[in-house]
Amino acid sequence: MATERIIIAVLYVLLAPFVIGLLDGFDRKISARMQGRRGPSVLQPFFDLKKLFEKEFLTANKAQLFMIRSYLVFIVLSGVLFFGGFDILLVVFSLSTAAMFLILASTSTHSPYSAQGTHRELVQIMSCEPMELLVAVGFYLAIGTFNVNEIIKTSISPIAYLPGFFVGFVFILTIKFRKSPFDIATSHHAHQEVIKGVTSEMVGKEYGMVTLAEWYENAILLGIVGLFFLNSNPVSIVCAIIAILVVWFLEILIDNTSARVKWQLMLKLAWGVTIVAAGMNLLLLEIIRG
Amino acid sequence: MEMLVTALICLPFLWAILPAVIHNSKCRAFFVYLGCGIVIALSVFTAVKWYLAGGQATDFDLPYREAFDHVILVGDIFLMCLITYLSFKYKKGVISLLAIVQTVLVAALELFGPKVQESAALHFDWLTFVMILIIGVVGSLIGIYAVGYMHGYHIHHHKELTDRRSFFLAMIFVFFGAMFGLVFSQSLIWLYFFWEITSVTSFLLIGYTRTEEAINNSFKALWMNLLGGCGIAAAIAVGVLLYQNVNLYDMIKIAILSKYMGIPNTLCLLPIACLAFAALTKSAQFPFSGWLLGAMVAPTPSSALLHSATMVKAGVYLLIRISVAMADNYVGNMVALVGGFTFLAASCLAISVSDGKKVLAYSTISNLGLIVACTGCGYEETIWAAVFLVIFHAVSKSMLFQCVGAIENTTGSRDVEDMQGLISLFPKLAVVLMIGIAGMFLAPFGMLISKWAALKAFIDTTSVYVSTLMVLFICFGSATTMFYWTKWLSKILGASGKEKSRDLTKKNEYISMFFHAFMMVALILGFPWLSSHVLKPMSNEMFGTDVQVISYQNIIIMIVLLVGVFVIPAINYVLTKNTKAKQVITYMGGANCGDNFNFVSSTGDPKEMHISNFYMEDIMGEKKLFTPAIMVSTVIIIVYMIIVIGGAF
Amino acid sequence: MSTIHKSPWLLHYDGSSCNGCDIEVLACTTPVYDVERFGVINTGNPMHADIFLITGGINSQNEAVVKQIYEQMPQPKVVIAVGTCACTGGIFKECYNIKGGADTVIPVDIYVPGCAARPESIIDGVVKGIALFKEKAAALKASENAN
């Protein structure tokens with residue numbers, strides 16, 4: 001069992017960037033097709049990443065680089081904790097510690113655009129964090145443990161108990177994936193008031209590392225989506241993969257059909273959905289437990 | 001042991017006379033240092049001696065118990081007279097009513113009431129052990145800091161104010177004495193006396209500058225704390241009249257027993273409810289948070305003292321003490337809900353303010369809210385979490401207040417917005433500030449461990465709606481907490497265009513701050529030891545069980561995270577130090593004036609660029625949230641008090 | 001194998017253009033022309049850009065700005081001047097405030113003429129720019145290895 005967990009964690013470290021990068025490539029392809037374009041190659045994200053590491057390194061503040069590296073390392077560490085089957089609540093805490101390094105990296109430059117992006121990023125973190133913590137709580141309520149390796153051994157998939165939590169989590173995934181309507185901290189479209197927001201001052205390999213870190217983080221988030229569907233039956237793995245793909249497609253659809261909102265609205269929506277969907281589900285579970 | 005404890009309680013009171021009568025600045029400073037040194041030594045010695053003796057909970061009396069009983073009675077009456085005099089002097093006579101009612105009640109019961117059971121006056125156990133170390137070490141360091149700070153305060157910054165340093169330093173010692181007395185007391189009458197002393201001393205310290213604002217705020221603190229005192233007086237009255245017993249520990253035992261014996265248990269809960277109410281006022285929970293916010297007007301050492309080692313900790317101490325009796329009942333629910341609500345509301349409010357001390361004040365309230373919520377739950381896990389939070393909070397808050405005070409003395413501003421790039425201007429101060437902030441919220445420091453345990457315990461709480469609400473409070477509260485600390489941290493670590501200037505911080509201020517920073521790091525590193533050697537016996541003593549609150553595996557993970565927070569950035573720093581990089585200016589649409597701090601304005605002249613944090617005043621502002629928060633929490637308290645009191649009769 | 005040319009990110013700067021060329025540049029990103037199929041992303045940030053695309057002439061107001069933005073782009077980088085004004089100053093050339101084309105302040109690699117330049121020719125210029133970008137990257141690498 002222990003070796004299995006180690007193997008999965010190692011596989012995560014090795015494969016997550018490839019899988020998520022590929023998903024990202026398909027994302028761009030599908031988005032392009034939705035808009036009636038041909039779109040870039042599905043390998044485009046890898047070309048972009050490779051280029052970023054090959055570019056000359058410019059910097060406005062040298063302190064930025066080590067903080068970004070710390071950000072990356074912390075995200076990977078959180079992922080190892082998650083895929084290694086450890087405590088999911090600690091994974092969430094570790095993710096928020098990682099996010100702090102990103103914030104500090106981007107504000108260290110005294111740049112107006114990255115400052116703007118940073119504060120929006122902070123609002124995003126604040127919007128998402130309650131739901132992330134609640135997901136961990138939900139698993140504890142449904143299965144009785146925070147440990148991922150015990151959660152997957154349940155006989156009935158947690159989704160049966162946690163539909164509200166699932167809805168809330170999918171909602172904040174749009175924020176986490178930086179998709180429209182919530183792409184307010186960094187934008188993937190040009191000519192905007194945020195430029196590149198939190199990553200504005202990150203050049204070449206710095207930006208490459210942030211991209212890589214985001215891929216690792218997305219792997220964790222999609223992993224949590226899958227966790228809702230896993231149970232002791234091996235068939236559930238197929239269900240989990242299908243669920244992940246459906247959620248992923250849904251995010252692309254939302255991205256392509258909505259316009260960006262203001263951060264005030266985002267905060268209200270995210271918290272509102274969290275309270276209504278997850279809060280109600282939480283109350284019901286508590287009542288059932290007695 | 002008796003002698004040591006007697007010395008611990010009495011010495012600070014007596015030592016307070018020295019700074020009060022010596023007016024030569026140098027000489028007084030010497031005696032304050034000496035006094036603080038003695039208090040540290042004495043408290044550590046007492047604690048270590050008790051620890052080495054096996055750490056058994058013991059009951060004992062002071063020598064000349066009778067005499068002390070009389071002193072306390074006279075002291076009560078003296079305090080009442082003092083309050084009455086001062087409140088009439090400043091035309092706030094109504095407040096004296098609160099003091100008169102409670103003191104007369106307690107004195108009358110003591111003199112004419114039924115005879116109460118005799119029992120030992122003092123008690124020493126693991127919780128006391130933790131508390132005396134906090135009060136002795138953290139408190140005394142604040143005392144040391146105060147000498148240097150108050151010198152700068154009067155000589156450099158506030159020449160217009162009357163120099164009453166003698167009084168100030170004397171009050172600090174009185175505070176120590178009262179706090180030591182409070183944590184040792186077993187008899188409620190003794191506890192009440194020390195409780196009143198802390199109320200009055202804090203009132204005097206807040207009003208130190210005698211400006212109109214200071215006086216108003218000090219009276220606010222006074223009436224709120226006196227209201228809490230009424231709670232204790234009521235508990236004494238109930239105890240004397242119903243059980244002929246004023247022993248705190250007996251009351252707790254009665255409350256716990258009644259739960260299992262099927263006696264109508266609300267009657268037994270009544271004194272507990274009164275004490276809990278008193279503790280809520282003292283630990284500045286909503287709706288009584290106003291006084292702690294008002295306390296900012298006082299010079300920084302007194303804020304540090306009120307916020308970290310003393311005063312608010314008195315409330316929290318009492319709650320932890322009675323928490324065993326609050327598990328799964330109405331009193332516990334009240335305390336948990338008020339605490340959880342305060343945790344969330346105060347952290348929202350902290351987002352909207354930019355005054356450094358005010359942020360700290362709100363964060364104290366918020367953090368205490370979490371501690372209070374933990375005690376209200378009353379499970380092993382939550383008590384474990386609460387004690388951890390108390391320790392971490394005491395050290396880091398004291399350090400933060402001292403640091404902000406030093407920054408204010410040096411830069412002339414304590415506004416968070418003015419701390420842009422502190423790391424390059426005053427690196428030493430910035431590092432201290434950062435360690436303090438990290439200690440307050442960052443994984444894997446105290447907050448994380450405690451939050452983990454608290455969340456787990458709240459999910460398991462039996463009451464459905466309390467459990468749901470508490471989980472929501474904690475989840476949302478941690479998000480808002482992260483927000484205001486991170487944005488402060490990012491200010492400090494930013495770049496600054498200002499010229500370096502001289503650091504005016506005194507050496508003794510640094511000694512105190514560095515010692516705090518050292519303690520902080522030691523606490524983090526010693527966390528597994530602390531858990532198994534102090535908190536485990538404590539929980540064993542309180543609950544009679546010996547549960548491992550946090551699994552071995554999670555301790556390992558936390559240590560990994562802990563090492564991570566220090567080591568990962570450090571390694572990365574070393575690895576990237578020699579990276580070749582071309583220095584560029586930041587992107588401002590191409591309009592920088594050659595550096596990162598100015599841009600070309602529409603008139604063609606360079607204009608300085610200011611970067612400001614988000615304060616969300618239209619969502620989280622004080623104007624918007626403060627009054628509703630007070631109303632909600634008042635309703636919670638009133639409803640539950642009605643349930644408890646109504647159920648009792 | 002170097003794939004650097006497959007990811008050319010583009011920064012579009014409007015000098016003192018009449019906006020004719022700008023509209024055509026944006027037209028390149030629409031479904032009809034879809035410049036993203038070459039991996040081009042229209043970024044707003046010089047720090048992330050590989051190709052600097054300028055429309056309109058240079059005037060005394062934006063001279064410093066163009067220089068600064070060029071400086072903020074990491075090597076290897078390619079500059080494309082789009083439209084007659086960016087190439088030479090165009091009909092505004094003799095105006096009191098106009099310095100001339102983009103090459104008066106920064107080295108320009110590719111010139112795309114036209115008033116306004118048609119999307120087809122812009123894409124043509126970008127594709128040529130991409131080829132140049134690859135060459136420059138190889139040259140940069142060679143010089144790094146030589147050092």
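Reader: What is the bridge partner of A:Leu58 in β3(B)?

Author: A:Leu58 is bridged to B:Lys582 in β3(B). Keep in mind that this is a predicted model.

Reader: What makes β1(A) and β3(B) a pair?

Author: The cut-off is at least two bridges between the strands. β1(A) and β3(B), which spans residues 582-583 of chain B, have two bridges, in the parallel sense. So the pair meets the cut-off of at least two.

Reader: Which elements of chain A give two or more residues to the side that touches chain B, and which gives the most?

Author: In total, 58 residues of chain A are in contact with 53 residues of chain B. On the chain A side, the elements giving two or more residues are β1 (58-59), α3 (63-83), α4 (88-107), α5 (112-143) and α10 (263-289). α5(A) gives the most, with 16 residues. By residue class, that side has 35 nonpolar, 16 polar and seven charged.

Reader: And how many residues of chain B are in contact with chain C?

Author: Five, in contact with eight residues of chain C. The chain B side there has three nonpolar, two polar and no charged residues.

Reader: What makes a set of residues a nonpolar core here?

Author: They have to be buried nonpolar residues joined through C-beta atoms within 7 Å. The largest such core has 362 residues, and B:Ile236 is one of those with the most contacts inside it. Helix α6 (residues 126-157) of chain B gives the most to this core, with 20 residues. Not counting residues up to four places away in sequence, B:Ile236 touches B:Val106, B:Leu109, B:Leu188, B:Ile189, B:Tyr192 and B:Val246. Another core, of 40 residues, lies apart from the largest one, and C:Cys28 and C:Ile106 are among its residues.

Reader: Why are β2 and β7 of chain C said to stand at the edges?

Author: The open sheet runs β2-β1-β3-β5-β7 in chain C, with parallel pairing. β2 (41-43) and β7 (110-112) each have a single partner strand, so one side of each has no neighbour in the sheet.

Reader: What does helix α1 of chain C lie across?

Author: Helix α1 (residues 20-28) lies across β1, β3 (51-55) and β5 (78-82) of chain C, at about 140 degrees to β3(C). Helix α4 (residues 119-146) of chain C packs on the sheet too, touching β3, β5 and β7.

Notes:
Residues numbered from 1 in each chain as written. Chains lettered and ligands numbered in written order. Predicted model: local features only at pLDDT ≥ 70, side-chain atom pairs only at ≥ 80, totals over all residues. Contact = placed C-beta atoms within 7 Å. Helix = DSSP H or I, 4+ residues; strand = E, 2+ residues; numbered from the N terminus. Nonpolar A, V, L, I, M, F, W, Y, C, P; charged D, E, K, R; others polar. Buried ≥ 20, exposed ≤ 12 C-beta atoms within 10 Å, placed from the backbone. Axes fitted to C-alpha atoms, helices over the stretch in contact; angles between N-to-C directions.
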